[in-house]
Amino acid sequence: MANFALRLPSTNFRSFSISASSNGAAPGNHIGKSQNGGPVILELPLDKIRRPLLRTRANDPNKVQELMDSIKQIGLQVPIDVLEVDGVYYGCHRYEAHQRLGLPTIRCKVRRGTKETLRHHLR
(Lines give C-alpha, C1' and ligand atoms only; values in the text may rest on other atoms or scores of the structure.)
Protein backbone atom coordinates (compact mmCIF):
# COMPACT_ATOMS: atom_id res chain seq x y z
CA MET A 1 0.00 0.00 0.00
CA ALA A 2 1.33 3.44 -0.86
CA ASN A 3 1.72 6.08 1.85
CA PHE A 4 0.93 9.74 1.45
CA ALA A 5 1.05 12.88 3.55
CA LEU A 6 -2.38 14.31 4.36
CA ARG A 7 -2.39 18.09 4.32
CA LEU A 8 -5.39 19.85 5.86
CA PRO A 9 -6.20 23.56 5.82
CA SER A 10 -5.04 25.27 9.00
CA THR A 11 -8.51 26.44 10.02
CA ASN A 12 -9.11 25.74 13.70
CA PHE A 13 -8.44 22.00 13.60
CA ARG A 14 -7.99 20.57 17.02
CA SER A 15 -5.49 17.80 17.31
CA PHE A 16 -6.78 14.48 15.99
CA SER A 17 -5.45 11.47 14.16
CA ILE A 18 -6.59 10.20 10.79
CA SER A 19 -6.20 6.67 9.53
CA ALA A 20 -6.92 5.58 6.01
CA SER A 21 -7.29 2.40 4.02
CA SER A 22 -7.79 1.93 0.32
CA ASN A 23 -9.54 -1.43 0.69
CA GLY A 24 -12.46 -0.48 2.94
CA ALA A 25 -11.01 -2.29 5.94
CA ALA A 26 -11.04 -0.76 9.38
CA PRO A 27 -8.31 1.84 9.67
CA GLY A 28 -5.08 0.82 11.32
CA ASN A 29 -2.04 2.82 12.32
CA HIS A 30 -1.23 3.94 8.80
CA ILE A 31 -2.37 6.47 6.25
CA GLY A 32 -3.14 5.06 2.82
CA LYS A 33 -4.45 6.26 -0.48
CA SER A 34 -6.36 4.49 -3.19
CA GLN A 35 -4.04 3.33 -5.94
CA ASN A 36 -6.44 4.53 -8.64
CA GLY A 37 -7.21 7.94 -7.11
CA GLY A 38 -10.66 6.79 -5.98
CA PRO A 39 -12.24 7.27 -2.56
CA VAL A 40 -10.16 6.97 0.59
CA ILE A 41 -11.34 5.56 3.93
CA LEU A 42 -10.76 8.02 6.81
CA GLU A 43 -11.72 8.14 10.48
CA LEU A 44 -13.04 11.71 10.83
CA PRO A 45 -14.14 13.68 13.88
CA LEU A 46 -17.91 14.24 13.71
CA ASP A 47 -17.49 17.97 14.28
CA LYS A 48 -15.73 18.18 10.89
CA ILE A 49 -18.78 16.82 9.00
CA ARG A 50 -21.89 18.80 8.07
CA ARG A 51 -25.39 17.76 7.10
CA PRO A 52 -26.34 19.20 3.69
CA LEU A 53 -29.70 21.00 3.54
CA LEU A 54 -30.04 20.83 7.32
CA ARG A 55 -32.48 23.77 7.39
CA THR A 56 -34.71 22.60 4.56
CA ARG A 57 -34.69 18.79 4.63
CA ALA A 58 -34.63 16.54 7.68
CA ASN A 59 -33.43 12.95 7.78
CA ASP A 60 -36.09 10.27 8.31
CA PRO A 61 -36.21 9.99 12.14
CA ASN A 62 -37.25 6.30 12.03
CA LYS A 63 -34.28 5.45 9.80
CA VAL A 64 -31.91 7.38 12.08
CA GLN A 65 -33.28 5.54 15.15
CA GLU A 66 -32.90 2.16 13.45
CA LEU A 67 -29.31 3.05 12.56
CA MET A 68 -28.62 4.16 16.13
CA ASP A 69 -29.93 0.84 17.46
CA SER A 70 -27.81 -1.11 14.97
CA ILE A 71 -24.66 0.92 15.66
CA LYS A 72 -25.13 0.40 19.42
CA GLN A 73 -25.47 -3.36 18.92
CA ILE A 74 -22.90 -4.19 16.23
CA GLY A 75 -21.06 -0.97 15.47
CA LEU A 76 -20.62 0.65 12.08
CA GLN A 77 -20.12 -2.18 9.58
CA VAL A 78 -19.46 -0.14 6.42
CA PRO A 79 -17.86 3.33 6.20
CA ILE A 80 -20.34 6.12 5.51
CA ASP A 81 -20.20 7.92 2.17
CA VAL A 82 -18.96 11.48 2.65
CA LEU A 83 -18.58 14.10 -0.04
CA GLU A 84 -15.68 16.53 0.46
CA VAL A 85 -16.22 19.89 -1.22
CA ASP A 86 -13.65 22.66 -0.75
CA GLY A 87 -12.37 21.10 2.47
CA VAL A 88 -15.85 20.62 3.98
CA TYR A 89 -17.23 17.11 4.55
CA TYR A 90 -20.94 16.29 4.08
CA GLY A 91 -22.74 13.24 5.51
CA CYS A 92 -26.33 12.11 6.10
CA HIS A 93 -28.27 9.43 8.06
CA ARG A 94 -25.45 7.36 9.59
CA TYR A 95 -23.57 10.57 10.38
CA GLU A 96 -26.64 11.85 12.26
CA ALA A 97 -27.00 8.52 14.08
CA HIS A 98 -23.36 8.72 15.26
CA GLN A 99 -23.86 12.35 16.25
CA ARG A 100 -26.99 11.54 18.30
CA LEU A 101 -25.13 8.66 19.99
CA GLY A 102 -22.41 11.11 21.05
CA LEU A 103 -19.62 9.24 19.26
CA PRO A 104 -16.51 11.37 18.56
CA THR A 105 -15.46 9.96 15.18
CA ILE A 106 -16.85 7.98 12.25
CA ARG A 107 -15.22 5.88 9.52
CA CYS A 108 -15.91 7.51 6.15
CA LYS A 109 -15.41 6.73 2.48
CA VAL A 110 -14.45 10.19 1.25
CA ARG A 111 -15.09 11.25 -2.32
CA ARG A 112 -13.98 14.64 -3.56
CA GLY A 113 -16.45 16.81 -5.43
CA THR A 114 -17.45 20.32 -6.40
CA LYS A 115 -20.36 22.46 -5.24
CA GLU A 116 -22.13 21.39 -8.44
CA THR A 117 -21.56 17.73 -7.52
CA LEU A 118 -23.08 18.41 -4.09
CA ARG A 119 -26.13 20.13 -5.63
CA HIS A 120 -26.60 17.24 -8.07
CA HIS A 121 -26.14 14.63 -5.31
CA LEU A 122 -28.91 16.26 -3.23
CA ARG A 123 -31.61 16.27 -5.89
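**Reading a predicted model: strands, cover and contacts**

Modeller: Ile41 has Lys109 as its bridge partner in β6. The model under discussion is a predicted one.

Colleague: What makes β2 and strand β6 a pair, and in which sense do they run?

Modeller: Strands β2 and β6 (residues 105-113) are joined over 6 bridges, in the antiparallel sense. Two strands count as paired from at least two bridges, so the term applies to β2 and β6.

Colleague: Why is strand β2 called mostly covered?

Modeller: Of the 6 residues in strand β2 (residues 40-45), 5 are buried. A residue is called buried because its relative accessible area is under 20%.

Colleague: What is the share of buried residues in the chain?

Modeller: The chain has 123 residues, and 35% of them are buried.

Colleague: Why is Lys72 called exposed?

Modeller: The relative accessibility of Lys72 is 56%, and the term exposed requires over 50%, so Lys72 qualifies. Lys72 belongs to helix α1, which covers residues 61-74.

Colleague: How far apart are Lys72 and Leu101, in sequence and in space?

Modeller: They are separated by 29 residues in sequence, while their C-alpha atoms lie 8.3 Å apart.

Colleague: What share of the contacts with a separation of 6 or more comes from residues 24 or more positions apart?

Modeller: Such residues account for 72% of those contacts in the chain.

Key. Residues numbered from 1 in each chain as written. Predicted model: local features only at pLDDT ≥ 70, side-chain atom pairs only at ≥ 80, totals over all residues. Heavy atoms only, no water. Buried < 20%, exposed > 50% of the residue type's maximum accessible area, 1.4 Å probe, protein only. Contact = heavy atoms within 4.5 Å. Helix = DSSP H or I, 4+ residues; strand = E, 2+ residues; numbered from the N terminus.
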